[in-house]
Every structure is written in C-alpha cells, then in structure tokens.
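Welcome! Take a moment to look over the model below, and then we can walk through a few of its features together.

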Amino acid sequence: MNARIRRLTLTNFRSYRTAQIEPGAGTIVLTGPNGAGKTNLLEAISFLAPGRGLRRAMLEDVGFSEGDGSWAVSADVEGTLGLVKLSTGIMAPVAEEAITRKCRIDREPVASAAAFADHLRLVWLHPGMDGLFSGPAAERRRFLDRLVLAIDAQHGTRVSALERALRSRNRLLEDRSSDAHWLDAIEHETAELALAVSGQRVQVVSRLAQKLSARHRSQFPSAEIALQGTIEALVAVAPAVDIEDRYRAMLRANRARDAAAGRTLEGPHLSDLLVRDLDKNIAAAEASTGEQKALLISLVLAHAALLTELTGLAPVLLLDEVNAHLDTNRRAALHLELAALGAQAWMTGADDALFAQAGPDADIFDVTPGQVNRRVS
C-alpha cells in the first residue's frame, strides 16, 4: 500500500494562523515566491514523524508569530490500517514548565510520534542538506539516523539515550573524585546503547547498499555507501556480547585520555557515512553541486523503496526545492521514478516551469504568505 495524506490542517504554525489542504492522488506541487511559506507546510508534515522535523526546530519556535505559542498539526492519513487522524502540537507555554509535544491518533493520546509509524512513514530532502557530503561527519550521522528512524521508530530514543550516557560519562571523568563504580555502571550502559545504535545503522546501510546496487540505470548516478566507525567495524565480525565487552574495555582503558580531551574519543557518536559516485568513481564530496544533489536523490529514492519493501507501506516524500539543481532530463526522470514508486510526493518550487514534467495528475497549490489555495485549471 501507499500511505497518503488526504487532509492536512495547520493551526498557529509558522506563517499560518490556519490552513487546510485536501490533496489529490497525484504529486502535490506547492508553488509560490520565496518566503511565501512553502517549506513551512512540509515542515508541518514532518512533525508527524519522531524527532524535531525537517528544520530540527525547537518546539517553541514554530508557533505563529501573533499567537500564544501553541500550535497544532493534524492529518487524515490513509495507510495500512485504514483512515486515521494523526495530530501533534503543543499547548501555550507556561513559565517554568517544560514544553512537551502532545500526540494523538484518532483523538486518543499516544506516548510519542513513534506511534504514528504504524500509519505513516516520511522521507524528506531539503536545501539545508545540499552540503551534506562536504560538511562535517555529524551532519551525515544525523542524515543516516533519520533514514534508520523511518524504518525503526525507536532508533531516535536509543540515539538520545546514548548521547545522555556519554554526557554523564564525560561529567564523571571531569570529577576526579568520582566513584569508579559509577563509571563502571555508566560505561556498561554506554556499551549496550552503542551496540544497539551501531547495529541498526549497519543493518540499514547494508540493506540500502543492496537497494542502490539493484537500482536500474537512470538519469541519477549510481552510488555506493559504507559506514565508518569503531563499533560498526566490529558488528560484521564479532558476536554482540564480545563487542560490548570490547567497547567497555576500550572506555575503561581510555579514561585518562578522554578526561584530558573532555569528551569520549571512540564510539558511534563519531561514525561517518561514506558515499561514492560510482559513475565517476569519486567520493561524493568531490562531486559538483548538481551531482551531489543527484546523489542525494538516488539515496532518498533507494531508501523509499527499501521502506516500502520492509514495511509494506510506501512512504510520503517531502521534496523541498528538489528540482532547483536538476536539468530538464533529470526533472523528467525524477517524476517517472516517483510514479513508479507509487509514493505520495509533496514538492515545492518558486518557478512553475520546474514542474512541467509532473504530469496531468499533479495537484498544484499556490502559496502566498499565510494562505494556500488549489489552482483552478
């Protein structure tokens, strides 16, 4: 099946006091001038997945500027379990109270947005990712973790727990008088979480690599991916219990070095995703801007196909300004691949000409500040 958003409703979100879209079955095109609020609509949808959305914004920063700080996003979604309403948002902030995101399915509270994964999976690509291959490894890890999270909705929880454990270890190392038993305990937890995070990353990268190698020849470059990291290298050759023991021993042996550095110098928090353009036989970082964009699209399309295979549900794709660096042939090829995938795709762009190959079933919406309206043909 293909997941499909049948109605999207925003209340006090970014530039929208209220907005509602009821898209058709084809590609959804959001067009309008720069700054009109096209990306805001995609960001709203992205909050229907675990995490902080495609801009990684703080919850208190996405409310309508003239509102009380509260905001809400809801969508009627058709998926494997039929039609459901997914809703998320925050109440108006109260001084000294923590801001928490509320999530509901058919108006019934659920623990987190991870529960939405039974009905909707999201994959996105936006201009902020254009420098992914030439930027720091942390950005590529975040990109990879988003790919894993779309498959395993609990992955983000484990990544956050690992980050907390590493911070706790660093604080204990700073305190020279801390009890060694506390360090042993936190390193035991850190090793367990490190293996869980690394194991999922390795599994997804391996499966994604297979999908990439099986992709038919197209206008988009063939890509090869690999995961570089201390723990990840062990996952393929050693039993889980041995990996945990080795990493624990490594942490213990490196306490003095890590204390001097002020951080843990080995572990999955330093891993890197390596991507190579096979057509030109160069690392992705060496490719041109246009080729890097095409490589990203190859990765996203392969990931969407992998998601469909693993979950039985084609994801919804959020493609922000994706056509901007593509020539005419690649724009046409992208629409053909989206049609073959069968996934609902939401696309943005400032120039109507970028969507000339979208096909007669494309549903076009004109976006102006604070408003979105279906174009009447």
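How many nonpolar, polar and charged residues are in the lining of the second largest pocket? The lining has eleven nonpolar, nine polar and two charged residues. Here Ala, Val, Leu, Ile, Met, Phe, Trp, Tyr, Cys and Pro count as nonpolar, Asp, Glu, Lys and Arg as charged, and the others, Gly among them, as polar.

This is a predicted model, in which local features need pLDDT of at least 70, side-chain atom pairs count only at pLDDT 80 or more, and totals for chains, interfaces and linings use all residues. Residues are numbered from 1 along each chain as its sequence is written, and side-chain values use heavy atoms, with hydrogens and water left out.

Back to the pocket: helix 9 (residues 328–341) gives the largest share of its lining, five residues. Helices (H or I, at least four residues) and strands (E, at least two) are DSSP runs, numbered from the N terminus.

Now for helix 1, where nine of nine residues are buried; among them are K38, L41 and I45. Buried means under 20% relative accessible area, exposed over 50%, and partly exposed in between (1.4 Å probe, protein chains only).

Most residues other than glycine have a negative phi. R56 and R107 have positive values:

| Residue | Phi | Loop between |
|---|---|---|
| R107 | about 70° | strand 6 (102–105) and strand 7 (108–110) |

R56 counts as partly exposed because its relative accessibility is 38%, while R107 is exposed, at 62%.
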